[in-house]
Amino acid sequence: MTRAAIIVCWVMAIGLALFLIIPLLVIAAASFSPTPVFDLPLTGASTRWYGRIGRLDGFWPSLLLSLQIALLSTVISLVCGTLAAIAIARGKLPGAGIFATALVSPLMMPGLVLGIALLQGFRAVGFTAPWATLLVAHLVITLPYVARTMISGLARFDFTLIEAARTLGCSYPGSVLRVMVPALAPSFLIAGIFSFLASFDNYPVSIFLADVRTKTLPIRMLQYIEEAPDPTLAALSTLILAGTVILLFVSDRVVGLHRMAGTSD
Amino acid sequence: MTEAALSAPVAAPAVDRERLTAVGFVLPSFVIIAGVFALPLMLLLGVSFVDANGLTIANYKRLLGTPYYLWVIWNSLRLGLLTTIIAFLISYPAAFALARARGPLRSVLLATLFLPLAASVIVKAFAWTILLRSDGIVNETLMALGIIEDPIRMIFTETALIVGAVNIFLPFMILPIYAIVAQLDSRYAEAAATLGASPVVTFFRVILPLTLPGIIAGVALVFSLSVSAYVVPTLLIGEKYPTLATTIAKAYLLAREPGFGAAAGVVLLAIAIAVVALSARLSREPK
């Protein structure tokens, strides 16, 4: 590459990094605003907004609901998605390629369309309990993330290792537990984190299944922002961001972000 | 199955059992995808052809036959196109720098991609409403620098919408491109240069075709995400830029017109499927 092209590439990369990170820094700074109008804490910081998060209308039930749905749907998807990925990777399944595409396809579908389709579908069969419909709906949101990560993770796994362990005297469940599970741990972690975050952050599907008493945290947050935005929301957003940073930091220590970039294609 | 049975009759039961196990393994996922994804989408297609008087194409006539709704569809496409083009123009050169970065610099750059990717869309859109307010940080900074005298109106404009959408969907563009660029063998470009190709020719004849799979993946992903975005237009521009997504939400949550909302959903779905099909076709085509 010519020198000029290299300079352009670096300017773009650094500009892009700043552009992506600035909104996150601003929201963290605004959460310490000394006044109720999102001032940057240049003249003195205040932590009072953090104390007010818990007093937001309906905050605790919504947080609890979002955590329950995200955790449960992730666990169920990890089990179902991994089993399916094993069957696909072992190549004994007729039509495995088509099924692998079908498993990942909800990722490319507009969330809002999935939301109204599920609303119609659940109504048609008389399944209207909000908590249960949210959980079932979030399985479709989380399963593609798990399937995608586990299929590419298993493509690199050598199944003869299980046979080798059995030849050496391991039982079948024992060899799966002691050979396959450790080898796939990084994929599990990546799949779990992305699936949890996809569910925890989902708005377009949940909005059609929630009711007045059963609202997930993103639905509440959008409502707060539209009604009366104040730095309390910036404080809440900062806490959610901090949680995300910790998740990413832990996964970087365990697997490395570079590997996550490789699996995301 | 028949082939295996003919060539090795003794092995047939074992093959059958392996197949049965494989089918058992995919069954839970199959039930989820078929029951909670494929069937509801088919039902939605059915609902879009129904109104209070029974079977009808009135919903599609209203959507595709009135200037207002054609404008709404154009708004969605315009949001998708502008976001995709701008995100591509930033991401493509940046991916080359990212691929050359090593050590701590690479970790920092990758972290600036992954953190926003993992961060909540609502949090990011909210951050842009703070940044772009008339008493917000962008205006204050521009005034402090003496670039403008009075605050300019940014929030609830198309500029705010596009800036926010590009910001939120950028990681989906650069990551697939980076994954390809990082594997690019620099010897191809060197070979082209040795054979007398100018840098411009090398770029268009060697580098661009080799990185095309990443570009197709990124463009398809960003377009299908931004064309159907809901949170971003709702918070950054609001009522005056209605899109297919906001029309769907309105039809279901306010107007109680499921048939019309379903028709709008089917149109949005058709756009998404067209993009996926086109990108799959393009990336399969021989060079």
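Student: How far apart do the C-alpha centres of domain 1 of chain A and domain 2 of chain A lie?

Tutor: A word on conventions comes before the answer. The model is predicted, and local features need pLDDT of at least 70, side-chain atom pairs count only at pLDDT 80 or more, and totals for chains, interfaces and linings use all residues. Residues are numbered from 1 along each chain as its sequence is written, while chains are lettered from A and ligands numbered from 1 in the order in which they are written. Domain bounds come from an automatic or database domain assignment. In chain A this gives domain 1 (1–57 + 230–265) and domain 2 (59–214), and their C-alpha centres lie 28 Å apart.

Student: How many residues does each domain of chain A give to the contact?

Tutor: Two residues are in contact if their C-beta atoms, placed from the backbone, lie within 7 Å. Domain 1 of chain A gives 10 residues and domain 2 of chain A gives eight residues. On the side of domain 1 of chain A that touches domain 2 of chain A, α11 and α12 of chain A each supply at least two residues. Helices here are DSSP runs (H or I, at least four residues), strands likewise (E, at least two), numbered from the N terminus.

Student: Which classes of residue make up that side of domain 1 of chain A?

Tutor: The classes are nonpolar (Ala, Val, Leu, Ile, Met, Phe, Trp, Tyr, Cys and Pro), charged (Asp, Glu, Lys and Arg) and polar (the others, Gly among them). This side of domain 1 of chain A has six nonpolar, three polar and one charged residues.

Student: How many helices and strands does chain A have?

Tutor: Chain A has 12 helices and zero strands. Its C-alpha trace spans about 70 × 65 × 35 Å along the principal axes. A residue counts as buried if 20 or more other C-beta atoms, placed from the backbone, lie within 10 Å of its own, as exposed if 12 or fewer do, and as partly exposed in between. Of the 265 residues of chain A, 46% are buried.

Student: Where does a kink lie in α8(A)?

Tutor: The bend at a residue is the angle between axes fitted to the seven residues ending there and the seven starting there. In α8(A) a kink of about 50 degrees lies at Ala185(A), shortly before the proline Pro186(A).

Student: Which spans of chain A does UniProt annotate as "transmembrane region"?

Tutor: The unreviewed entry covers residues 7–32, 65–89, 96–119, 125–147, 176–198 and 232–250 of chain A. Residues 65–89 of chain A are 100% helix, with end C-alpha atoms 35 Å apart. Residues 176–198 of chain A are also 100% helix, and their end C-alpha atoms lie 29 Å apart.

Technical notes. UniProt positions are given in the numbering used here, feature names are shortened, and annotations may be inferred rather than shown by experiment.
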